[in-house]
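Please keep the structure in view while going through the points.

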Amino acid sequence: MQSYRPPENFPLHGGTGDGTVVISMPEHPKDYIVWSMASLYFGNPFCLGLLAFYFSVKSRDRKMVGDLTGAKSYGSTACCINGWALGLIIVTAIIIIIAVAVLVSAVTSYAPKYYSNYPNRY
């Protein structure tokens, strides 16, 4: 026997209906794939960019399969590795800037002493 539902209970007929059911969709975890590609391309200290890219791809794969906890775990690992890679890139850039500044300062302070022994032709 089939159950019969009167038409006034359907939501589009203006009746009082059974109520609204709200289904909350789980928030998809981030995979940080763009940040990983940037780390891979712009610095890649100690191959951390490649490792972060690997974990980002694994996170995306887990998300596509439906394993949100695994995706969150891999995404968190990728974020951590990207943070370390970015920190190393920044520290390396600062060290290079300081080294160039010290080298230029040393060369410019030595240059007048070196060239003072030669007569001025102009």
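The numbered points below concern a predicted model and take up its helices, core, salt bridges and surface in turn.

1. Helix 1 spans residues 33–42, and its buried residues are I33, S36 and S39. Viewed along the axis of helix 1, these buried residues fall within an arc of 120°, so they line one face of the helix. The face turned away from that buried side carries V34, Y41 and F42, which are exposed. Just after helix 1, N44 adopts a positive phi of about 55°.

2. The largest nonpolar core consists of six residues: L48, A52, F55, A78, I81 and A85. Helix 2 (48–65) and helix 3 are the elements that give two or more residues to this core. Once neighbours within four places in sequence are set aside, I81 is in contact with L48, L51, A52 and F55. As general background, nonpolar side chains in soluble globular proteins tend to be buried together.

3. Two salt bridges are counted in the model. In one of them, the side chains of D31 and R60 meet at 2.6 Å, N to O. D31 belongs to the segment before helix 1 and R60 to helix 2, so this pair ties together parts that are 29 residues apart in sequence. D31 is buried, with a relative accessible area of 7%, whereas R60 is partly exposed at 36%.

4. A salt bridge also joins the side chains of R62 and D67, at 3.6 Å, N to O. R62 is partly exposed, with 28% relative accessibility. D67 is likewise partly exposed, with a relative accessible area of 26%.

5. P26 lies in the segment before helix 1. P26 is partly exposed, with a relative accessible area of 48%.

6. Which residues form a nonpolar patch on the surface? The patch is made of L86, I90, I94, I98 and V102, and together these residues have about 440 Å² of accessible area. L86 is located in helix 3, which covers residues 68–115. L86 itself is partly exposed, with a relative accessible area of 38%. In general, an α-helix has 3.6 residues a turn, so residues three or four places apart point the same way.

Definitions and conventions: Residues numbered from 1 in each chain as written. Predicted model: local features only at pLDDT ≥ 70, side-chain atom pairs only at ≥ 80, totals over all residues. Heavy atoms only, no water. Buried < 20%, exposed > 50% of the residue type's maximum accessible area, 1.4 Å probe, protein only. Helix = DSSP H or I, 4+ residues; strand = E, 2+ residues; numbered from the N terminus. Arc of directions from axis to C-beta. Patch = residues over 30% accessible without salt bridge, like charges linked within 9 Å, V, L, I, M, F, W, Y side chains within 5 Å. Areas by Shrake-Rupley, 256 points an atom, 1.4 Å probe, with all protein chains shown as cover. Salt bridge = Lys/Arg side-chain N within 4 Å of Asp/Glu carboxyl O. Core = buried A, V, L, I, M, F, W, Y, C linked by side-chain atoms within 4.5 Å. Contact = heavy atoms within 4.5 Å.
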